[in-house]
Structure formats: structure tokens, C-alpha cells
Amino acid sequence: MDHSTSDSQLNPGKVDYEFESNEVLEPLSVVDDELVPKVGMTFTTLEDAGKFYRNYAKAAGFSTRVRCTNRKGNEIKNQLITCSREEKWKSKISPTEKTNPTSGLNCPARIYIHTLKDVGAWIISKVVLDHSHPCCPSKAEMLKQHRELSMSIRRTIENNEEAGIRPSKTYQSFVAAAGGHRELNFIEKDVKNYITREVRNVSEQEDAKEFGKYLLRMKEKNPNFFFELQLEEDQSIKLAFWADARNRAAFEYFGDVISFDTTYNTNRYNLVCGSFVGVNHHGQSILLGCSLMKNEEIESFKWLFQCWIRCMGGNAPKGFLTDQCASMKRALEACMPTTIHRWCIWHIMKKIPRKLNGYKGHADIEQEMSQVVWNSHSKDSFDRNWNDFLLNFGLADNKWLSDLYEDRHIWVPIYLDHHFWAGMRSTQRSESMHSFFNKYITRNSSLIQFVKQYDNCLGSREQAERESDAADFHTVIPCATKSSIEAQFQEAYTHAKFREVQAQFRGKANCITRLKNSALGYSVYEVGEQVSSSIFNKFVVTYDSVAAEVKCQCLLFESRGILCRHALSVLSFEQVSQVSPRYILERWSKKVKRRHTHIKSSHDEPLMEPRSKRFDQLVFRSQNICEFASESEELTAILHRAYDNIMAEMEALKAKRKGTSSLSHEDANLESVNELQSPPRIRTRGRPKNRLGSKLEKQIANATKKKKTKVLSEINLFDAASAAHSNSSQYQGHVMNYQFRVPAAGDNSLGV
């Protein structure tokens, strides 16, 4: 038994066409007769008929929508397409509380299309051209139906989104390229909607799966890619860590000192992001792993640090910087007992105003505490200065300061600077990485968006290192002095580190060297450095001529790997022409061949549809042709003729394939296979045609037949009434010869 179903039911009895009768008739515009729908027009497909009516609507100044679709089984038998302002919309919210704009005005404009059984085509059987509202073709481009994003625009939006370019900037680039807003057939809102619905449209259920697929793709591309996940009982992600092959190779050279910090608001699940950051031979930050954590408990940090050590071949760093977090401290003591742990001094000094704000003269307290921390050049002097500081300001009972003093060995510079820290005293490098993320991701970002931006960060760090390596190879920074020691560093160090050495040579001019005592080649010097017009800082420098060893009290070389100006002054005083190789660190050398420079950072290729891939390939190849043809008008004309010929050939092939009723292995391709449709259900031959049905089945069949006859008769009466009513409407005229009155001053009625 055939059943007729409808996607939306017409109820002509409830449609109320009441048109204004006080409009002043005035011609507005006329549409080309070829675009006007007429009764009897036939089309090959239903899509062609709908497209024809949409083109007419755009020229006339309105938009359309499918009002009703009648089906017989899986086949569409007829369709009613109306003006988008056809319905009468009523808000459920009281107008006194909120008034929402509505476009519904009971507009009668419509076409009725049905299929021709014998021909297999579609025919327009009924047409109503008149509207109950003014139409303006110049404003039609602002209607949603007539705004569209071409393939080129969509690919540009996708690429810009992956690069972290804001949607507003992307839209402004389109405006600049087109020559103005009016030249575009879309608005900024369309760009943002496309990003939200198509590019960022990852559900929470699929997000974790896509994140896992990303990790597997990276592992497949390079077996040295490392990742590890810890899951909850419901298989949700609790902890995640990953590092690419380049990260792991770079650890061999730059894994001696690590900065680790956590940040929030990087994803929609409130997972805490943690990054392991080192310093390369140019003094640049380099990522050595990334993590996502559900919480910041001790066990979570233990799992993460153990996972990271396994990733790096079981080797723990010599120094590890974190913020003042007790959980991290406990986890590091358990996982890296031989690693020197250092707290970020910037975070501690930043807390002084908040912790000591209640004391009288807190500004003086802050200044004096900074002097004690930074200008104590020995452990004994720090202890002495700290006690004096507490007594002078009456702070001996302050618990925060007492706790800091107990932990002075993990944050005070003089207790830590005899170890190498690559110039790091704070977690600022980790925070700079997080600031990179925060530019392009928000608290609503998905996991897959986060890892894409992480890939971008890896790529930018890799590119910065490659550019600096190239500059070191092709250029030389001239020496600022005649010193052979400076030339020695010029030959060995990267540009960035050699500039730091030159800064020490320039600072040597402010130093006065005085020999205090000397015996058996071991000399003790006092170097006074003038830091202002009346202030001299004094440093003790020792020099062993036998071992060619120089040591300064400031510990700059021990902590940063750069000889200080005080030591250089003593070497100059001793007339040393070449420093010992121990003072030229391989870590800052530009001549070392490092394995990680030959490994590309991980970057996930976008999962594009076949059409998008073909489009990108064609655009890439056509750029060279267009660049060559743009050299002259003659070449441009040749290319235009070639384009016209190719377009005609492609349209002919597409039309030929459109009517093809067979598909063989010789001409089949992915596009033709994607267009295949499932066959409709057919009646089997297993039962006789005159099968006796039950009494209930007969009653259902009769009721369905009566209902179908009633609906068809209502549609016919409704269309007849609409045609009669449109003839008496004030909005009369052939096609688009609508006439409207000019609104008087203070008139708020609808007009053009």
C-alpha cells in the first residue's frame, strides 16, 4: 500500500492574507522575462527547478524556502516553494518583555512543482508572483539565502583559522582583496558562522576520539613520537602527555635545565596545560613536551614527571624551575632526587605587596627586601642582611617571611647560582609559551584545536631556530675591541650569545682592578664596578695562572655560561690572550652538528575532502600560470581564451555525465561513486495480488485514501483562492512592476 507523507503540512484555512490598502503605487523594478517562472516550465531535476526559482528571487529581491514536500515512499512527488515571508510568526514571549524581529507577513508568492511520471521531468504547475511586501533587488544580497562562501573563500578561512588569524582579520582581508564590502556576496557573520559550524564543530563525544586519532597519526608519521594517556574508569582523559621526535632529540643538547609551568583556560574541559621548556644555543625557548592534567595533585605530577623522564630516555635534568607549588615540590623530590629544584623568584617577589601590604612603610620594606635578595654576594652576607632586615622593620614574627627563609636554598640567587641555569631564574619562558596559546585558543576550545595550536607553536620555534642558524652560517658580527679573547668567542659562539659576551666587554670599561695578594701563581683581585656616579660594587676575583682558571664572586659564568666583565678585567690585567677551552661552552657553539636540526617538528595535515585537495592542487598550479600571463595584455588574453575553452569543455562533460545511466570500471571515479543513491524499496513477488487482508487493514486503507483525497482538494481550493485574492491586491503588476508609496515624514510604515 502506498502512503503519502508530507515534510510540513499546509493548512490553508488558517492562512490569513490581509494586505494594506493605502499603498501609493509606484514602479520599483522589472525582472528579465527569462528569469520569471511560468506555468508549464519543465526541468530535468527538482534541484534545477529550485535553483531557477532562487535565481529569480535574487533578481526580484526576496528569498525562498521549501514549504511542503509530498512523498510516495522514498520518492518526491511534488513540492511547494514559497517566499520566505510566507508564514505568520507569533512569538511565545510577551512583547512587553522582549520583542524579536520577524519576517513573516503571509506573503502569497510561490511556485508548485510536480513530477511527470512518463517523462521523468519536473514541471511548474502553479505560479503566484505577487508579494504582500516590498521587494528590493539591491538588498537581496543581504538575505541569508543569497549569501554564499565559494570554495576559495572557504579554504582561505580554514587556513587562516589553523594559523590563528582572527575571523575579523580574515574578513577584512577579503574586503581589501575585493575592493570594498559591496563587492563581496557574504558578510562577516558568515565567516564566523562557518568557523563555528564547520571548522570548530567538534562535539565533546568526538573530541577525545579526534585527539586520540591525532596522537596515532603523529606516531604513524614518526615512530619516535611519544605519548601516554591515563584514563578514568569511564574512559575519559585524566592525564595526557606527548612529545614529538624533534623534542626528544633536542633534549640531548638542551635538557640540562628545564622550566615547567601550568596554565588554565586553554580548553573547554578546564584541563590544566603544562609545558616543559628548555633553552637552545641561541638562547631561544624550545618546547620539550606538553601535558594536560585534570588536577594539580601530587600523584598527577608524579605520573607526569615519570612519564616525561621515560620519554627522554630515563635522563633527568640537572636543574628544574617551577613556581612556588608544594605539590610540584613533593613530586620532584620523589621523581628526580638528584635534580636541583628552583622556585621562580619573580613569582615570590611579586607576592611582596600582597603579603606585606598591612605593614607601615610597606614600600620601603619591598625595596629593602629586594636589595637583600639581589645584592648579597655570599651565603653568609645574605643570612646577615636578612636578619638585619627583619629586625629593622619588626618582621621577625611574619610567618610568610619565616617560611621563605627556611626554603631559601631553592629561590635565593646566591644559594643557586653556582649551578648552571642557562640564564633562567624564573618560569617566564614557559609563561611566554602559554601566552602564545592564549592568543589563539579560549576556555571553549576543543582538544583538537589545542593540539593544532601546539603544532603551530612547535613550528614557529623550529623556524626561529633555523633562521638563527642560517644567520650564524652566512654572517659575522664584528668585534667591538681589539681583544683576541673577544675574537675567540666570535669564532665559536652563536650571534645571540656573542652579543652577550660583547656586553660584558663593554661593561669592563666601568671596572677598576686591584691586586690584593698573589702567591705561587694564585692571585686574588678586588674589582670595583661603578654602577652609578657614587656607588661602586666590589667583587673578589681569583686567578690561577697554572690551571688557567678564573673565578668571580658574581657567579655569572657558573649560572649563565658567559664570562663576566670582572673576570675579563682580571684576564686583561694578567695580559691573557686566549681563555681556556673550559670557558667556551659547546652549548652555545654554532659549530656543533646537532641531530634534532634534521628532524621536522610534528604537524598534523588537515583531513580534507577529496574536492578540497583537488582544489588546493589546482590553485597551486594555476598561480605560476597566472603570474606568467600577467606580464602583458597579450598573454592575459591568451589565458582568458584558454579558460573559456576549458570551461566549455568541462561544462559539456558535466552535462554528459549528468544524464549517464550506467557506470563502468572504465569511467568510474570517486565523485561519481559519491553520487550513488540507495535504491527504493520494492514489493516482493512472494505474496498473491488478491491476498485477503484483515478487517483492520481494510479500515486503515480506506481512511488513508479519504485523507489523501481531502488534502489534495484543500490544496487546489487554496491555490485557487490565492490566485483570486492576488488579483485584488494592491501589489499588482506583471512580474516585478510593484508600486509603493513614498513614506511621508514621520511615517513608520514599511517602504523602500
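Predicted model: local features only at pLDDT ≥ 70, side-chain atom pairs only at ≥ 80, totals over all residues.
The residues in question are V550, K551, C552, L555, L556, F557, E558, L563, C564 and A567. Two elements, β17 (549-552) and α19 (556-560), each give two or more residues to this lining. The volume here is about 50 Å³.

## The largest cavity

The count of cavities of 30 Å³ or more comes to 2, and the largest holds about 100 Å³ of space. It has 14 lining residues, and R246, I286, L458, R461 and E462 are the ones closest to its centre. Elements giving two or more residues to the lining are α6 (245-254), β11 (285-293) and α16 (447-474). Of these, α16 gives the most, with 5 residues.

How do the lining residues of the largest cavity divide into nonpolar, polar and charged? There are 4 nonpolar, 5 polar and 5 charged.

## Strand β9

Now for a strand. All 7 of the 7 residues in β9 (residues 257-263) are buried, so the rest of the structure largely encloses this strand. Side chains in a regular strand alternate between the two faces of the sheet. In β9 both faces are covered: V257, S259, D261 and T263 are buried on one side, and I258, F260 and T262 are buried on the other.

As for its neighbours, β9 runs parallel to β12 (residues 319-322), joined by 3 bridges, and S259 stands opposite L321 in that strand.

How values were computed: Residues numbered from 1 in each chain as written. Heavy atoms only, no water. Buried < 20%, exposed > 50% of the residue type's maximum accessible area, 1.4 Å probe, protein only. Helix = DSSP H or I, 4+ residues; strand = E, 2+ residues; numbered from the N terminus. Pairing = 2+ DSSP bridges. 1 Å grid on protein atoms, 1.4 Å probe; cavity = no way out; pocket = protein on both sides within 12 Å on 5 of 7 lines; lining within 4 Å. Points joined across faces, edges and corners; volume = space filled by probe spheres on them. Nonpolar A, V, L, I, M, F, W, Y, C, P; charged D, E, K, R; others polar.
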